Amino acid sequence: MATNTQEQQSQAGRHQEVGHKSLLQSDALYQQYILETSVYPREPEPMKELRELTAKHPWNLMTTSADEGQFLNMLLKLINAKNTMEIGVYTGYSLLATALALPDDGKILAMDINRENYELGLPVIQKAGVAHKIDFKEGPAMPALDQLVEDEKNHGSFDFVFVDADKDNYINYHKRLIELVKVGGLIGYDNTLWNGSVVAPPDAPLRKYVRYYRDFVLELNKALAADPRIEICMLPVGDGITLCRRVK
């Protein structure tokens with residue numbers, strides 16, 4: 001009995017610690033049921049390989065969760081996405097989920113400040129036969145977005161955009177992306193529940209980086225809720241993802 005109590009307390013402590021990837025309050029529900037029953041058995045082999053490779057990286061917390069990868073893959077198929085963009089790539093797990101969902105002539109403009117991390121996962125992407133769909137650009141996304149916005153032929157040209165990058169720039173990204181995504185297209189902002197810290201009291205024991213970016217996430221969430229150009233849906237998948245459908 002004592003052992004079971006200690007295990008329950010350990011699980012509770014693990015979920016209270018800011019930084020846990022899943023917002024669900026039960027490891028049994030998330031890891032043993034959702035992942036083992038629904039996600040891992042249907043995970044494409046290249047995504048499994050890249051997930052396991054990324055798990056060995058010291059910054060592995062930055063990767064997209066497997067259930068979110070599954071969600072993105074199905075979402076892109078449902079909307080028949082063909083021309084997409086990803087801001088924040090890391091080793092490419094969500095990028096691979098996207099590439100596998102797109103038709104053979106689909107395209108992804110992928111941007112990240114770190115090519116080394118992307119190249120860690122690139123061999124897996126190449127082996128999966130989808131590297132030709134990806135146009136990777138190293139460097140800050142803002143100048144590239146400004147350049148895209150300057151050319152009117154890019155306006156409304158993207159079916160889907162996924163943003164999982166520097167939270168302090170999310171609002172700046174949104175100001176540009178709303179011009180680039182088509183009416184009826186989607187923008188997905190990752191980490192919009194920010195480890196649950198969005199409802200944490202002021203004196204909560206948050207990690208330094210979580211506390212720093214929380215205000216930017218809160219600012220974004222408020223701005224998206226008030227933006228009449230989009231419909232929104234905030235989902236507790238992974239670390240929270242907000243889907244924005246451009247309506248005008």
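Author: The model is a predicted one. About 12600 Å² of the protein chain is accessible surface, and the share of this surface that belongs to carbon and sulfur atoms is 53%.

Reader: What radius of gyration does the protein chain have, and what would a compact globule have?

Author: The secondary structure consists of nine helices and seven strands. For 248 residues, a compact globule would have a radius of gyration near 18 Å, and the protein chain agrees with this, because its own value is 18 Å.

Reader: Which residues are linked with R115 in a network of salt bridges?

Author: Side chains of opposite charge can pair when their charged atoms come close. E138 and R115 meet in this way, at 3.6 Å from N to O. This pair links distant parts of the chain, 23 residues apart, with E138 in strand β3 and R115 in helix α6. The network of salt bridges joins R115 to E138 and E119.

Reader: Is D227 buried or exposed?

Author: D227 forms a salt bridge with R229, and their closest N and O atoms are 2.9 Å apart. R229 is partly exposed, at 30% relative accessibility. The relative accessible area of D227 is 9%, which is under the 20% limit, so D227 is buried.

Reader: How many salt bridges does the structure hold?

Author: The protein chain carries 27 positive and 34 negative side chains, with the centres of the two sets 2 Å apart. Among the salt bridges is that of D135 with K137, at 3.9 Å from N to O. The total for the structure is 11.

Key: Residues are numbered from 1 along each chain as its sequence is written. This is a predicted model: local features need pLDDT of at least 70, side-chain atom pairs count only at pLDDT 80 or more; totals for chains, interfaces and linings use all residues. Side-chain values use heavy atoms; hydrogens and water are left out. Helices (H or I, at least four residues) and strands (E, at least two) are DSSP runs, numbered from the N terminus. The radius of gyration is taken over C-alpha atoms; the globule rule is 2.2 Å times the number of residues to the power 0.38. Accessible areas come from the Shrake-Rupley method with a 1.4 Å probe; for residues, only the protein chains shown count as cover. Lys and Arg count as positive and Asp and Glu as negative; His and the chain ends are not counted. The place of a charge is taken as NZ of Lys, CZ of Arg, CG of Asp or CD of Glu. A salt bridge is a side-chain nitrogen of Lys or Arg within 4 Å of a carboxyl oxygen of Asp or Glu. Buried means under 20% relative accessible area, exposed over 50%, partly exposed in between (1.4 Å probe, protein chains only).
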